[in-house]
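The exercises below go through one protein model, each with a worked solution. Look at the sequence and the structure before starting.

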Amino acid sequence: MNQIVFSAGFVQANIFCSLLCILLPILFVWYQKRKNGVKPGAFFIGAAFCLLFSYVAATIVNVLIFSIPGLLSFFSAKNHPVYSALFGAFSLGILSTIGAFIGLKYAMKKRPGKENALIFGVGMGGFESIFNGATIYITYIITALLNNSVGTTEYFKKLAYKGNELEQKHEAFAKLAATPSSSFFMDATYVILSLVLYAAIAILVEYAISTGEKQWTVIAIVLHVAGYVPIYLRNIDIYKSSMTLFVIATVFTFAIALFAYQIYHRTENGKK
């Protein structure tokens, strides 16, 4: 079995991405607490609603939708990758925005106002960001360090891989080790873009609740779905390293953030 070596650049890139995803939402909440006196509890409420709606509810909806004959094949990433990406963007965009609405309207009654709504949104996006930083990137770091320490052959022996599974894992390992650092930076940036989207959408939803103008909830849903489309399209292999898609996702996300920023400063304590 050929020995695989993970470069120092591989480890450094994943350390950077892990710290970025974990520390950015935490530092933002700390800054807002010092500046505006927001309650950090809003962050944890947002994280809980992200788990409930973006993960649990999304999984339940997927199971129900895919139980309908023909739909599993139709939305399969293998058969129709574009349809699969669009379905993911629509389902998560709708469910997470509904989750933000319910959370802000009922769970945040003791934490009213646009400042706390922003922290709630950062909590929703921060849950995803920290989850990615604490699992994917740290797993890559540990894997690389262990492999380089004991050698690929010994590493796979400890994992007890055999036969075809061993060959597949070895091939996947080689592909992972050859992944350029720029790919990890791009991955982490997409995670941060999702975090920005959550925060922006929370501001729009809070505005809808505080003003009673229900159309803003619909606008929030549409923008959240639209913001997720390029992020989900990126899961398709041919778009994995697409700079064009990356620029589109970045520009569109920050356009939504700028729009939400204007709404944020249009209000005073959550009111017109």
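A260 is placed in helix α10, where helices are DSSP runs of H or I with at least four residues, numbered from the N terminus. The model is predicted, so to speak of local features requires pLDDT of at least 70 and side-chain atom pairs count only at pLDDT 80 or more, while totals for chains, interfaces and linings use all residues. Residues are numbered from 1 along each chain as its sequence is written, and side-chain values use heavy atoms, with hydrogens and water left out.

**Exercise 1.** Decide whether A260 is buried or exposed.

Solution. Begin with the cut-offs: buried means under 20% relative accessible area, exposed over 50%, and partly exposed in between (1.4 Å probe, protein chains only). The relative accessibility of A260 is 1%, so A260 counts as buried.

**Exercise 2.** Find the residues of the nonpolar surface patch and the helix that gives its largest share.

Solution. A patch takes residues with over 30% relative accessible area and no salt bridge; like charges are joined within 9 Å, nonpolar side chains (Val, Leu, Ile, Met, Phe, Trp, Tyr) within 5 Å. The patch here covers about 750 Å² and is made by F74, V82, Y83, L86, F90, I94, I98, I102 and Y106. Helix α4 (residues 81-107) supplies the largest share, 8 residues. F90 lies in α4, and its relative accessibility of 44% is why F90 counts as partly exposed.

**Exercise 3.** Describe how helices α9 and α10 are arranged.

Solution. Axes are lines fitted to C-alpha atoms, for helices over the stretch in contact, and angles run from 0 to 180 degrees between N-to-C directions. The axes of α9 (residues 215-233) and α10 (residues 243-266) come within 8 Å and cross at roughly 160 degrees. Therefore α9 is roughly antiparallel to α10, a label for angles over 145 degrees.

**Exercise 4.** Name the partners of the salt bridge and locate them in the chain.

Solution. A salt bridge is a side-chain nitrogen of Lys or Arg within 4 Å of a carboxyl oxygen of Asp or Glu. By this rule the count is 1. R234 pairs with D187, and their closest N and O atoms are 1.9 Å apart. The pair links distant parts of the chain, 47 residues apart: R234 is in the loop between α9 and α10, and D187 is in helix α8 (residues 181-211). With 5% relative accessibility, R234 counts as buried.

Terms used:
Areas by Shrake-Rupley, 256 points an atom, 1.4 Å probe, with all protein chains shown as cover. Helix = DSSP H or I, 4+ residues; strand = E, 2+ residues; numbered from the N terminus. Parallel < 35°, antiparallel > 145°, perpendicular 65-115°, else oblique.
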